[in-house]
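Q: Hey, could you walk me through this one? I'd like to start with the strands.

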Amino acid sequence: MTKRFLLVAICLLPLSLLAQSSFSIKGFGKAYKDGDKIFLSFRQGPQLIEDSTVVYKGSFEFKGTFNTKVRGYICRNDNPRYADELFDSFDVYIEEGQIILKSPDSLNNSIISGTPLNNDYAKLNGVLKPLYNKRKKLKNPDGLKADTLVTLNKTETTDVANEIILQQFNFTDGHPRSYVSLLTLGQLARTSKNLPRVEQSFAKLSTVLKMMPEAKEIIRRITEGKKITVGMTAKDFIQNDINGNPIRLSSYQNKYVLVDFWASWCLPCREENPNVLAVYHQYKEKNFTVLSVSIDVLANKANWLNAIKEDQLPWTQVSDLKKENEAAKLYGITSIPSNVLIDPNGKIIAKDIKGKELRDKMAELLGANK
């Protein structure tokens, strides 16, 4: 887990104020060697709380106080203040009581227990961990070359990812009073395709959870996601291409056009580019094209241009290079990669279709015999 994602996660997490309470975290197991340094990080409002301790006789312990229940994380031997990546870490919910971490082979594989929220998290993690392991194995099987890996495992990897999402929603629906559910929905809401289902699950949460600060961000994303829906007429916009020439979306009349929102720094975007490229080459002579909108900023322009070259993207690329891309705002884009498919009449006929779903949709519209 990268430091960037950890910091983003904990920055979203303050809960309603409570009286100051005490907690303790005790970890033990074969994962720990005497002398290992263990770091604990969590937030209390704007303040980042950091602590550390050393493993002694195969175990470690933290004790502290808090005002606000919150999710933080523990990591082993990598100081999160300086490390770009944390190789062995585990999330923990800071709440009153004794929290127990049993770590058989690594901190990553810990089993957590001891307090209500951490017991809830253990239930969710127990369902998701085998799926995470399966996904990891699909991405890194022994003996397969990279191109063979993509060909053989893309569909199965997508199926596992969908099962992970399904299990997360099953948990939130079954635990409407748990803060773990609120944070899980916050994570799911970062992918715009999930938003209709997030809205349904969010409605089931307790009133207390709906009043928390984290809920406001979920509501904002749901609201933004409704700016564009299938069946609407596409909203027109103008942005400059890489040479500074203004490009108007409505100039793509009488064509199917995939408006693709991405950025050079977005790894999932870059991973999806080969799929979009394959679709483009298959259907570019059949009344189809792509218009990519980058949310890179002016200071990142060189990286944007390099990414276009590296990924060999031949279609038109546009951006206003602003901190908040105007086209992305117009289309309610809260996460990338994201896209809309527009028909020759200017109607939106699909939204956030990627991978096999994009290939199947284009085959339906413009298959080999059409």
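Q: Which residue in β5 is the bridge partner of serine 41?
A: That's tyrosine 73. Just so you know, this is a predicted model, where local features need pLDDT of at least 70, side-chain atom pairs count only at pLDDT 80 or more, and totals for chains, interfaces and linings use all residues. Residues are numbered from 1 along each chain as its sequence is written, and side-chain values use heavy atoms, leaving out hydrogens and water.

Q: How many bridges are there between β2 and β5?
A: There are 4, in the antiparallel sense, between β2 (residues 37-44) and β5 (residues 70-76). Strands here are DSSP E runs of at least two residues, numbered from the N terminus, and two of them pair if DSSP finds at least two bridges between them.

Q: What's the strand order in that open sheet of 4 strands?
A: The order is β3-β2-β5-β6, with antiparallel pairing. β3 (47-54) and β6 (89-94) are at the edges with a single partner strand each, so one side of each has no neighbour in the sheet.

Q: New topic: is β12 buried or exposed?
A: Buried: 7 of the 7 residues of β12 (residues 288-294) are, so the strand is largely enclosed by the rest of the structure. Buried means under 20% relative accessible area, exposed over 50%, and partly exposed in between, using a 1.4 Å probe and protein chains only.

Q: Which way do the residues of β12 point?
A: Phe288, Val290, Ser292 and Ser294 point one way, while Thr289, Leu291 and Val293 point the other way.

Q: And what joins β11 to β12?
A: 7 bridges do, and β11 (residues 256-262) runs parallel to β12. Tyrosine 256 stands opposite phenylalanine 288 in β12.
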